[in-house]
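Opening my notebook on this one. I'm jotting down what I looked up, starting with the rings and moving on to strands.

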Amino acid sequence: MKQTLFVFALFLSQLSLWAQFNRGVQWTSDGNGYIRLENKEIAQYSLPNLEKKTLVSAQQLTPKGQAEPLAIRSYAFSQDGQKILIYTNTARVWRYDTRGDYWVLDLNKNTLTQLGKGRPVSSLMFAKFSPDGKKVAYVSERNVYAEDLATGKITALTKDGTTRLINGTFDWVYEEEFDCRDGFRWSPDSKNIAYWQIDATKIRNFLMINNTDSTYAFNVPVEYPKVGERPSPYRIGVVSAAGGPTKWMSTLGDPGNTYVPRMEWANADELIMQHLNRKQNESTIFYADIKTGKITPIYVDKDDAWVETKSSYSWSDSPEGWDWINGKKEFLWLSEKDGWRHIYRISRDGKTEKCLTVGNYDVMSVVSVDEANNVIFFTASPDNATQTYLYKVSLDGSGKAERVSPADQIGTHRYDISGNSRWASHSFSSANTPPMSEWIRLPEHKALKESDDISKKLAAAASTPKKVEFFKIKTDDGIELDGWMVKPTDFDPSKKYPIVFTVYGEPAGSTVKDSWGTGRNGLYVGDMAKDGYIYASVDNRGTPSPRGRAWRKAIYRKIGIVNIRDLAMGAKAIFAQNAFIDTSRVAVHGWSGGGSSTLNLLFQYPDLFKTGISVAAVADQLSYDNVYQERYMGIPQENREDFVAGSPISHAKNLRPTQNLLYIHGTGDDNVHYQNAEKLVNELVKYNKQFQFMPYPNRSHGIYEGEGTSRHLHTLFTKYLKENCPPGAK
C-alpha cells in the first residue's frame with residue numbers, strides 16, 4: 001500500500017509538492033500537446049511552443065439554471081475526443097473521494113447532461129465511456145449500471161449489490177492493500193463489461209465506537225479481515241452492456257482463500273488476470289474465455305517471501321492497464337527472480353521470456369514504452385538507493401541501459417512522458433533543493449524554455465548551504481545503512497546536542513530519500529535545527545529501497561525484529577562516530593508502521609532510546625489486516641510465534657522509569673484500530689509503566705479531522721519533545 005502503513009507526516013508534504021506540476025494534465029492523442037484544467041476552463045497547450053487555446057469554456061461547464069461552472073475534480077475524454085466526462089461533488093470513501101456526480105459535455109452538440117438521474121446524490125463511482133463513446137458505465141450503491149448517452153436509458157447490469165455483496169468495486173482490505181477501487185472494465189468492442197464481485201458477508205465487522213456525535217454512543221462497523229482470517233471470496237463476471245445474465249469465470253483455487261488483484265481485457269473475447277495464493281508468494285497469470293468461463297494459466301512467478309501485484313509501473317502507481325507490446329503478442333512484467341527487480345518481455349502464451357534490464361540493479365518503475373523507436377524508459381538508481389533517475393533500454397533486449405537524466409541533477413526525478421515519447425513533463429528535487437519543473441524534449445532531455453532549464457537553475461544555486469547531510473554507516477552486524485542528518489543551525493562540534501530519529505521501518509515505505517521534504521519534521525512547531533536538535537533517520541533492511549531482493553525481503557516473518565535491530569544498531573554506530581551527540585538525550589518518533597518501530601525501539605533497546613513519540617502504531621501484529629500482515633509475516637496459524645515476537649506489546653514490560661513515552665491514536669482509525677492502543681495501555685498498566693497517552697475521538701489514521709486537531713497534535717508533539725528531550729547544546 002502504498003497507503004497501508006505509511007510515514008504520514010513525512011510523505012504528506014512531499015506528495016503535495018510533487019502534485020503541483022502534474023495535477024490535471026492529460027496528453028493529447030497525438031502526444032504533441034497536453035490538456036489541463038485552468039481557471040474553471042479546460043485548456044490545451046501545444047508542444048514545443050507551449051501555445052494555449054481554450055478547449056472548453058467556463059460557460060460550457062455551467063449547467064442550465066446555475067450561476068457557476070461545475071467544480072471539476074477530474075475529467076476524461078471519449079476516445080474520439082468529442083465528449084468529456086466530468087467528475088464533481090465528490091465524497092470520501094475510506095482514503096479517497098471516489099463517490100460523486102458525473103456529467104457529460106458533448107462538444108458537438110454543446111450540451112451538458114448529468115448522468116445517473118434518479119440515483120442518490122454523490123453516489124456514482126468510476127464512470128467510464130465505452131470505447132465507442134456511446135455509453136457510460138458506473139457503479140452506484142454497489143451495483144454496476146450502463147447509461148445510453150443518446151437516449152438517457154439507464155440499465156442495471158447487476159441488481160444484487162448490498163453493503164456486503166459488492167459489485168464493481170471492493171471491500172476495505174482490497175482497497176487498502178491492493179489499491180483496488182475501480183472494479184469494472186469495458187470490453188474493447190464496447191459490448192460487454194467485466195467486473196469483480198466481492199462477497200464480504202462472512203467478513204466480521206470491526207466495531208469502532210462513536211461517543212461524541214450523539215447522546216447515546218453508536219457503533220461504526222468496518223468489514224475488516226484480521227490477520228489469520230480468510231479473505232473475502234471474489235468472482236469475476238462478464239455481462240452484456242445491454243443487460244442480461246452474468247457469465248462467471250472459473251477460478252484458480254479457492255476464491256475464499258486466494259486473491260485476484262488485477263484483471264483486464266486481453267481482447268474482446270478474453271480476460272487476463274493475476275492470481276495470488278493466500279500467502280502471496282506465488283503469482284499466476286491466466287486467461288479466461290468469456291463465453292465458456294474456462295481459464296488457462298500461462299505464467300507463474302514465485303518467491304520464498306512474497307510477490308508484488310501487477311501495476312502499470314508508472315510513478316502515479318495506477319493499478320489499471322496491462323503492458324502489451326508487439327500487437328498484443330507479448331507483454332512486459334517485473335520480477336525479482338534473479339535477485340533484482342527487472343523488466344521481462346513475455347510471450348502471450350507465457351512460454352518465452354527475456355530480461356531487458358540485465359545487471360545488479362533494480363528497476364523502480366516503467367515510465368513509458370516507445371515501440372516505434374524500440375525503447376523503454378524506466379527509473380532506477382544503480383549507484384545510490386536514495387535517488388531516482390530516468391534510464392532507457394532497447395525494447396528488444398539489445399544493449400545496456402543508458403541514463404537519460406542529466407548528470408548534474410543529483411537527486412530525485414519524476415517524469416510524465418507523452419504517448420509518442422517526444423516530450424515529457426519533468427520534476428526534480430533533492431533534500432536540499434526545492435521542487436523544480438520543466439517541459440523537455442526527449443531523448444536529448446532538453447528544456448523547451450530556457451527560463452525553465454533545471455540545470456541552469458541548479459548552477460545558479462550551487463553555493464546554497466546543504467542542510468541535509470547523507471551518509472552510509474555500517475552496523476556491528478556488518479549491514480550498511482543509508483542515513484541522513486540535519487545538524488543544529490549554530491552547530492559547534494565541541495558541544496553535545498540531543499538527537500531525534502524519525503523512523504518507519506516496514507516494507508511500505510522508506511524515510512531516507514534524496515528528495516524535497518526529507519529532513520523536515522511535519523509535526524514539530526518551529527525549526528528543530530534553530531532550536532538545537534540533531535534530526536536524523538536511517539533505512540533498515542525490509543524497506544522498499546532499490547538495493548536488491550535480499551535487502552527488501554530480509555524482513556520476511558521478522559517485522560519487529562530485523563528492522564528494529566538494524567535501526568538500533570544504526571543509531572549505535574552513529575553515536576560511536578559522532579562525539580557531538582548527547583546520548584542521554586535521544587528521542588525517536590514515527591507514525592503507523594513508524595509508530596510500531598518507535599515502540600519496539602524503546603522497549604527492546606532501552607539503553608539507546610530515552611524518549612519516544614508513537615502515533616497510530618500496530619501494537620499487536622495479530623490485530624492488523626490479513627492481506628498486509630500475511631504478505632510479510634506468513635499466516636499466524638502456521639507461525640504465530642513470529643507475530644508475537646515482533647509485536648510491541650510483547651516487550652512493553654521493558655519500558656524503564658528513566659524513559660519517556662507519549663502514545664497517540666485516533667479512536668476512529670479504520671486502518672490501525674484503536675484496539676491497538678488499549679492493548680498497549682493494558683500491558684503498560686499491568687507492569688506499572690508510566691507514560692502519557694492521547695486519544696483523539698473519532699479521528700482516522702491521519703488524525704486531521706475536526707477543528708483544531710492538527711494544531712493540537714503539533715503542539716502536543718513539540719511540547720512533549722522539548723520537555724523530555726530538551727533542545728540545545730551542552
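Rings. I found one aromatic cluster made of Trp172, Tyr224, Trp306, Tyr556, Tyr624, Tyr628 and Tyr632. I counted rings of Phe, Tyr and Trp (its six-membered ring) as a pair if their centres lie within 6.5 Å. The structure holds 32 aromatic pairs on that rule.

Ground rules. This is a predicted model, so I note that local features need pLDDT of at least 70 and side-chain atom pairs pLDDT 80 or more, while totals for chains, interfaces and linings use all residues. Numbering runs from 1 along each chain as its sequence is written, and side-chain values use heavy atoms, with hydrogens and water left out.

Charges over rings. Trp306 from the cluster also has the charged end of Lys553 over its ring, 5.2 Å from the centre. Arg520 lies over the face of Trp516, 3.6 Å from the ring centre. My test was NZ of Lys or CZ of Arg within 6 Å of the ring centre and within 35 degrees of the ring normal.

Strand E22. Strands here are DSSP runs of E, at least two residues, numbered from the N terminus, and two of them pair if DSSP finds at least two bridges between them. E21 (residues 270–276) pairs antiparallel with E22 over seven bridges, with Gln274 opposite Ile285. E23 (residues 295–302) also pairs antiparallel with E22 over seven bridges; there Thr296 partners Tyr287.

Key. Rings of Phe, Tyr and Trp (its six-membered ring) pair if their centres lie within 6.5 Å; planes under 30 degrees apart count as stacked, over 60 as edge-to-face and the rest as tilted. Helices (H or I, at least four residues) and strands (E, at least two) are DSSP runs, numbered from the N terminus.
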